[in-house]
Amino acid sequence: MRLLSRHRDIVCRQAVELVTDYLEGKLSRRDARAFEEHLRACDGCEEYVRQIRATIGILGSVQPEDLSPETRYGLMELYREFKGD
Amino acid sequence: MIGPCAPYAAGVSDDDLVRRLRAGDEAAFNEVINAYHPSMVRLAQSFVSSRAIAEEVAQDTWVAVLKGLEGFEGRSSLKTWIFHILANRARSTGAREQRSVPVDPGAEGSVDKRRFDDGGTWSDPPPHWSDEIIEKLSSGPFLEQVQAALARLPESQRAVVTLRDLDGLSSKEVCDVLRISEANQRVLLHRGRSRIRAIFEDEVVTR
């Protein structure tokens with residue numbers, strides 16, 4: 001995907017909209033290079049990308065609640081009923 | 001440790017598992033509910049108003065899964081098939097509830113436009129997150145605020161962020177579960193993550 005065909009230089013307001021495409025590897029090589037060049041020159045955007053990465057890490061640390069014994073019991077009962085049909 | 005959506009056991013194929021489930025193998029069923037039920041409840045919460053309703057939707061989903069098991073053809077993985085059934089049910093349950101989805105002002109761009117000057121350069125750049133701040137955001141006591149931040153997302157964004165970032169599904173799997181295009185998935189992921197970052201900044205970092 002080419003998003004920045006006309007301008008080699010991107011501004012911060014554009015950079016923050018490209019972060020996910022960049023992290024997902026969906027920018028063209030040229031756009032990815034322009035994005036990386038911008039980060040090298042811009043402390044604000046470098047920090048912003050760092051925060052998005054941190055946010056992803058924080059979200060990834062959230063574990064779902066374990067299956068409760070009651071729920072497990074209920075579901076196993078359901079399975080036995082299903083088997084019995 | 002096996003993550004919430006990790007495959008039941010290394011080397012066990014869907015074919016095997018489906019055969020065992022059809023044959024009434026309780027150990028197989030125990031494996032799949034361990035692997036998926038907690039994440040199913042969490043995904044359902046994207047669409048319905050309470051954890052209790054999400055739990056009901058997940059349990060109803062197992063009924064549908066067991067009934068549909070004979071017809072399962074393996075065109076998608078067992079996991080995405082189950083999660084797809086769950087998502088559909090949760091969505092229609094949520095629609096019946098007529099739940100009002102919170103709409104955040106300023107949810108348009110990834111970052112409030114007022115933080116850039118006319119040329120599009122930061123006029124109010126994000127304040128630095130120290131390692132201590134990031135550690136705090138990842139800590140047990142902050143978990144509730146992470147959940148609260150997720151609850152402020154529109155349901156599609158919340159579902160995508162939950163599946164990708166909390167459960168670690170691939171973008172392809174998320175597209176299969178929610179039946180959306182890769183491009184749409186990416187837009188929803190982008191908006192969701194951007195919004196969560198902004199909420200973390202508002203709630204924690206600047207206080």
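In the predicted model, helix H1 of chain B, spanning residues 14-22, packs against helix H2 of chain B, spanning residues 26-44, at an angle of about 120°. The axes of H1(B) and H2(B) are 8 Å apart. Angles of 65 to 115 degrees count as roughly perpendicular and those over 145 as roughly antiparallel; H1(B) and H2(B) are therefore classed as oblique to each other. Their crossing is left-handed. On the H1(B) side, the residues in contact are B:Leu17, B:Arg20 and B:Leu21, and these meet B:Ala28, B:Phe29 and B:Val32 of H2(B). By class, this contact comprises five nonpolar residues and one charged residue, with no polar residues.

A further helix pair in chain B is formed by H4(B) and helix H8, the latter covering residues 171-178. Here the packing angle is about 45°, and the axes lie 7 Å apart. Since angles under 35 degrees count as roughly parallel and those from 65 to 115 as roughly perpendicular, H4(B) and H8(B) are likewise described as oblique to each other. H4(B) passes H8(B) in a crossing that is right-handed. The contact brings B:Thr80, B:Phe83, B:His84 and B:Ala87 of H4(B) together with B:Glu173, B:Asp176, B:Val177 and B:Leu178 of H8(B). Sorted by class, the residues of the contact between H4(B) and H8(B) are four nonpolar, two polar and two charged.

Although B:Arg179 is not a glycine, its phi is positive, at about 50°. A residue counts as exposed if 12 or fewer other C-beta atoms lie within 10 Å of its own; B:Arg179 has 10 such atoms and is therefore exposed.

Along the sequence, the elements of chain B accordingly give the pattern α-α-α-α-α-α-α-α-α. Chain B has 207 residues, of which 39% are buried. Among the contacts in chain B with a separation of 6 or more, 70% are accounted for by residues 24 or more positions apart.

Chain B is divided into two parts, with domain 1 covering residues 14-97 and domain 2 covering residues 113-205. The C-alpha centres of domain 1 and domain 2 of chain B are 26 Å apart. Eleven residues from domain 1 of chain B and eleven residues from domain 2 of chain B take part in the contact between these domains. On the side of domain 1 that touches domain 2, the elements giving two or more residues are H2 and helix H4 (78-97) of chain B. The largest share of this side, five residues, is supplied by H4(B). The side of domain 1 of chain B that touches domain 2 of chain B holds four nonpolar residues, six polar residues and one charged residue.

Chain A contains four helices and zero strands. From its N terminus on, the elements of chain A run α-α-α-α. Of its 85 residues, 28% count as buried. For contacts in chain A with a separation of 6 or more, residues 24 or more positions apart account for 56%.

The contact between chain A and chain B draws 38 residues from chain A and 43 residues from chain B. On the side of chain A that touches chain B, two or more residues each come from helix H1 (12-23), helix H3 (43-60) and helix H4 (69-84) of chain A. H3(A) provides the largest share of this side, with twelve residues. By class, the side of chain A that touches chain B has 17 nonpolar, eleven polar and ten charged residues.

One residue of helix H3 of chain A is A:Gly60. Neighbours within four places in sequence left aside, A:Gly60 is in contact with B:Asp165, B:Leu166 and B:Gly168. A residue is buried if 20 or more other C-beta atoms lie within 10 Å and exposed if 12 or fewer do; with 15 C-beta neighbours inside 10 Å, A:Gly60 therefore counts as partly exposed.

Terms used. Residues are numbered from 1 along each chain as its sequence is written. Chains are lettered from A and ligands numbered from 1 in the order in which they are written. This is a predicted model: local features need pLDDT of at least 70, side-chain atom pairs count only at pLDDT 80 or more; totals for chains, interfaces and linings use all residues. Axes are lines fitted to C-alpha atoms, for helices over the stretch in contact, and angles run from 0 to 180 degrees between N-to-C directions. A crossing is left-handed if the near helix is turned anticlockwise from the far one by less than a right angle, and right-handed if clockwise. Two residues are in contact if their C-beta atoms, placed from the backbone, lie within 7 Å. Ala, Val, Leu, Ile, Met, Phe, Trp, Tyr, Cys and Pro count as nonpolar, Asp, Glu, Lys and Arg as charged, and the others, Gly among them, as polar. Domain bounds come from an automatic or database domain assignment.
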